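Subject: The two-chain model

Hi there,

Here is the model I promised to pass on. Please have it open while you read my notes.

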Amino acid sequence: MTLTREDILISRIVDGSSEPADWAELQTLAEDDPEALLRLAGAQRREADLRESFGAVLNDADEIDLPLGHTATVYTFRNRLQVWTGWAAAAAIALAWLTAGGVLRPNSTTSTVAGWSPAATTDEAFEQYQMMGLAEGRVLGELPKMMIQVERLESGQAEVTYLRRVLERRLVTDVYESGVDTQGRPELRPAQLTGSRANDAL
Amino acid sequence: MGIDRVTARAAIEGDPEALREFWRTHRRWAAAIIMSHMPAEAELDDLLQDVATVVVERISEVRKPERLRAWLRSVAINTARTAGRKQSVRRRAMRELAPTATDADRSEERARARDTARGQAKRVLELAMRLHPDYREPLLLRSLHGMSQRMIASTLDVPETTVETRLARARKMLREEMAFETDLEDLTIAKPRSRA
């Protein structure tokens, strides 16, 4: 299919990307072939129709959300861990402890937890704790590890000290906050919580 | 249209709010890409849901925030093409199973389809869906509010002049398809009634 100059000009005008010179050129063409203006009108109508019908389809598409329900926690957990792993690699601290354990498999289910076997290493134990905690709804995820210090040892190895932070939740009946009494002594007193939301099971 | 680098990074890291923000700002865009590459019989909602699932499951594989949109486009195209392959297999199977349609059947089918078409606007979109993806994609993206030719060129990784030419071709093809359809309708209307 060959594109004519008229096709280009009409497309530009319909597109809203035309210059005054484009209009002038189309008018000149229309002096020889008046139907050019009819074709322009038709193109504008089709463009409006397309936008209208496509807009309606897209309105329906707005109903589609990310499946970020219950799996979000697991997902977030896994991703944070992956990001951390990537960072460590980039920093060229190729340490076995980063990959030896702690990578949570999101597809693991309660049935896996039921058939638990005693952990052979601390990494395995920690992984088991996380997976059981997730299955029970108590563990929400692990925050990125926080590096405390890295020291080079005489043996050539590096000793890495770091903090692992696990986010947990628990349902309790009474909530207390710390404060001081009238004499300045520390005390625990019932906390006043504002707002409430529906219960979701642990 | 788009999100800032910090939000993109957070989305890749799995921050639910950033993910939602990314999806909110790119959902229509992804829908346009899917529609540009999916077979006409496929359901956009289903495919967009599939893309949403892939986004949640695999966004962490994106290494650079600036590649996020390109990655989403790849996911959308792959999803649409996979649907195309499935449809193609289904069509082949149906052809083999179904009795051969006569010309009269087909003519009636077309007439019914025309009768059930919900107006001119829907018809234009249906015709647009028949265009080759190279032409359909810029046309639909241009119909998205705020997508300039420059942004489309960047998305498709082609020069702006190519986008302009493809848009002009797409519009011309639409015009010719519409004219062809109208001619067909005129022929149907003008067809003499059979004698009682």
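First, some ground rules. This is a predicted model, in which local features need pLDDT of at least 70 and side-chain atom pairs count only at pLDDT 80 or more, while totals for chains, interfaces and linings use all residues. Residues are numbered from 1 along each chain as its sequence is written, and chains are lettered from A and ligands numbered from 1 in the order in which they are written.

Chain A

Chain A has seven helices and four strands (helices are DSSP runs of H or I with at least four residues, strands are runs of E with at least two, and both are numbered from the N terminus). Along the sequence the order is α-α-α-α-α-α-α-β-β-β-β. Of its 202 residues, 15% are buried (20 or more other C-beta atoms within 10 Å of the residue's own; 12 or fewer is exposed, in between is partly exposed, and C-beta atoms are placed from the backbone). Two residues are in contact if their C-beta atoms, placed from the backbone, lie within 7 Å. Among contacts in chain A between residues at least 6 apart in sequence, 43% join residues at least 24 apart.

Helix 2 (residues 20-32) of chain A packs on helix 3 of chain A at about 130°, with the axes 7 Å apart (axes are lines fitted to C-alpha atoms, for helices over the stretch in contact, and angles run from 0 to 180 degrees between N-to-C directions). That makes the pair oblique (under 35 degrees is roughly parallel, over 145 roughly antiparallel, 65 to 115 roughly perpendicular, and the rest oblique). Leu26(A), Leu29(A) and Ala30(A) of helix 2 meet Ala36(A), Leu37(A) and Leu40(A) of helix 3.

Among the strands, Val160(A) is found in strand 2 (residues 158-168) of chain A. Val160(A) is partly exposed, with 16 other C-beta atoms within 10 Å. Its C-alpha atom is 4.5 Å from that of Val150(A), ten residues away along the chain.

Where the chains meet

Here 34 residues of chain A are in contact with 38 residues of chain B. On the chain A side, helix 1 (5-15), helix 3 (35-61) and helix 4 (71-90) each supply at least two residues, and helix 3 gives the most, with 13. By class, this side has 17 nonpolar, seven polar and ten charged residues (Ala, Val, Leu, Ile, Met, Phe, Trp, Tyr, Cys and Pro are nonpolar, Asp, Glu, Lys and Arg charged, and the others, Gly among them, polar).

Chain B

The axes of helix 2 (residues 16-37) and helix 3 (residues 44-58) of chain B come within 10 Å and cross at roughly 130°. That makes helix 2 of chain B oblique to helix 3 of chain B. The residues of this contact include Trp23(B) and Met35(B) from helix 2 and Leu44(B) and Val55(B) from helix 3. They divide into eleven nonpolar, no polar and no charged.

Val51(B) touches Ala30(B), Ile34(B), Val75(B), Ala76(B) and Thr79(B), not counting residues up to four places away in sequence.

Finally, eight of the eleven residues of helix 7 (residues 133-143) of chain B are buried, so this helix is largely enclosed by the rest of the structure. Among the buried ones are Tyr135(B), Arg136(B) and Glu137(B).

Best wishes
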